[in-house]
Amino acid sequence: MAELRAVAPDPHTPAFLVTIDTEGDDLWGRPRIITTRNARHVQRFQRLCESFGLRPTWLTNFEMARCPEFLAFGRDVVRRGTGEIGMHLHAWNSPPLQPLTPDDLTAQPFLTEYPQEVVDAKIGYMARLLRDRFECEIISHRGGRWAFDATCAQSLVRHGIRVDCSVTPDVRWVRMLTDDEERSDAAVVDYRGSPTRPYVVDLNQPQRPGRSSLLEVPMTVVPSSLYRWLPQAYAVPLVRRWSWAWQPTHHWLYPDGRNLPAMLGIVKQAVAQRWPHLEMVLHSSELMPGGSPSFPDGQSIEALYRDLRVLFRSVAGHFRGMTLGDFAAHWQASAAAATPPNAAVAHTTVTGARA
Ligand SMILES: [Zn+2]
């Protein structure tokens with residue numbers, strides 16, 4: 001029985017995007033053997049989303065693409081048109097394999113750390129695998145560990161990807177190195193100063209807007225009030241612990257069992273300020289009891305579903321449920337409608353001049 005609908009007839013209604021990093025069980029524990037039991041727990045989440053008119057994008061990685069249970073689930077979602085299968089790429093176990101560190105399963109390197117031809121081969125392999133297995137177009141992507149750079153962006157476009165959602169505004173990711181490694185810039189992904197609103201990517205500098213066929217739909221990450229007013233509070237060693245205990249530096253639209261008030265605050269702010277989109281993330285393994293540090297048992301999973309129902313109810317009527325592909329198509333249609341006939345000629349001229 002449907003509860004409330006997030007779908008509104010108004011084409012200008014902003015979008016609520018549910019994105020699921022669909023990957024093996026508890027990868028936070030750096031397992032030597034990766035299992036995919038969480039595939040048995042995704043159906044419940046899909047049903048909940050459907051009851052609210054939400055359309056999840058299942059950003060699927062290598063082990064899940066090979067998991068028969070997830071394959072049956074994903075094909076059914078595609079057949080019924082109630083969600084989307086996209087790409088999620090964990091560079092350390094995604095073919096073709098090329099060792100990068102003394103122990104890649106522990107180090108979990110970013111895709112941005114590999115040579116250009118390896119990046120392209122890995123993205124090409126995953127695009128073909130997902131297309132063949134799920135028998136659908138694959139047009140959306142999120143980098144494993146949020147990694148994304150110009151090499152990745154250019155390769156994604158080459159392999160048919162039209163929308164990326166790796167950008168986490170204002171966040172800088174630094175991979176912890178193992179003892180035998182030397183620091184490299186490629187092990188840092190810096191989204192400080194990146195747009196918070198969707199934008200067309202500059203393929204040479206994808207943290208910036210430009211001209212290309214790739215749309216970026218950033219993750220919803222909002223600096224906390226303490227971080228906004230007193231960022232030094234998180235830099236001074238003695239004060240830092242107190243600051244973190246009181247407020248994290250950023251609030252994410254990422255349910256963790258403790259942050260429902262912060263997420264509702266984000267929705268309220270988004271409605272008041274008419275943001276064009278909200279993007280929520282979860283991992284498929286977080287839908288399974290014991291599949292993640294945040295949800296260690298059945299009780300915590302039930303609490304997660306209680307939070308999700310409250311969150312989804314809060315967006316109903318304000319936001320339209322969309323997959324990443326829906327959003328890209330909507331964006332393209334809006335851009336075309338907003339472009340006067342002569343502007344298309346001017347656009348071509350400008351692009352040519354830039355090239
Ligand atoms: Zn991942």
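1. Helices here are DSSP runs of H or I with at least four residues, numbered from the N terminus. Helix 1, by that count, is followed by Gly53, whose phi is positive, near 75°.

2. The model is predicted. Its chain averages a pLDDT of 89, and 91% of the residues score at least 70. Over residues 1-10 the pLDDT is below 50, yet this stretch has 25 contacts in the model beyond near neighbours in sequence. Residues 341-355 also have a pLDDT below 50, with two contacts beyond near neighbours in sequence. Where pLDDT is low, the predicted coordinates should not be read in detail.

3. Which residues of helix 1 are buried? Within this helix, which spans residues 42-51, they are Val42, Phe45, Gln46 and Cys49. Viewed down the axis of helix 1, the buried residues fall within an arc of 100°, so they line one face of the helix. An α-helix has 3.6 residues a turn, so residues three or four places apart point the same way.

4. Arg44 and Arg47 are exposed, on the face of helix 1 turned away from its buried side. The cover over the buried residues of helix 1 includes strand 1 (15-22) and helix 3 (68-80).

5. The largest nonpolar core has 80 residues. Those touching the most other members are Leu17, Met87, Leu111, Leu130, Val163, Leu278 and Phe327.

6. Leu278 deserves a separate entry. Leaving aside neighbours within four places in sequence, Leu278 is in contact with Phe16, Leu17, Thr220, Leu253, Val267, Ala270, Val315 and Phe319.

Note on methods:
Residues are numbered from 1 along each chain as its sequence is written. This is a predicted model: local features need pLDDT of at least 70, side-chain atom pairs count only at pLDDT 80 or more; totals for chains, interfaces and linings use all residues. A nonpolar core is a set of buried Ala, Val, Leu, Ile, Met, Phe, Trp, Tyr and Cys residues joined through C-beta atoms within 7 Å. A residue is buried if 20 or more other C-beta atoms lie within 10 Å of its own, exposed if 12 or fewer, and partly exposed in between; C-beta atoms are placed from the backbone. Two residues are in contact if their C-beta atoms, placed from the backbone, lie within 7 Å. pLDDT is the predictor's confidence in each residue, from 0 to 100. Helices (H or I, at least four residues) and strands (E, at least two) are DSSP runs, numbered from the N terminus. The arc is that of the directions from the helix axis to the C-beta atoms.
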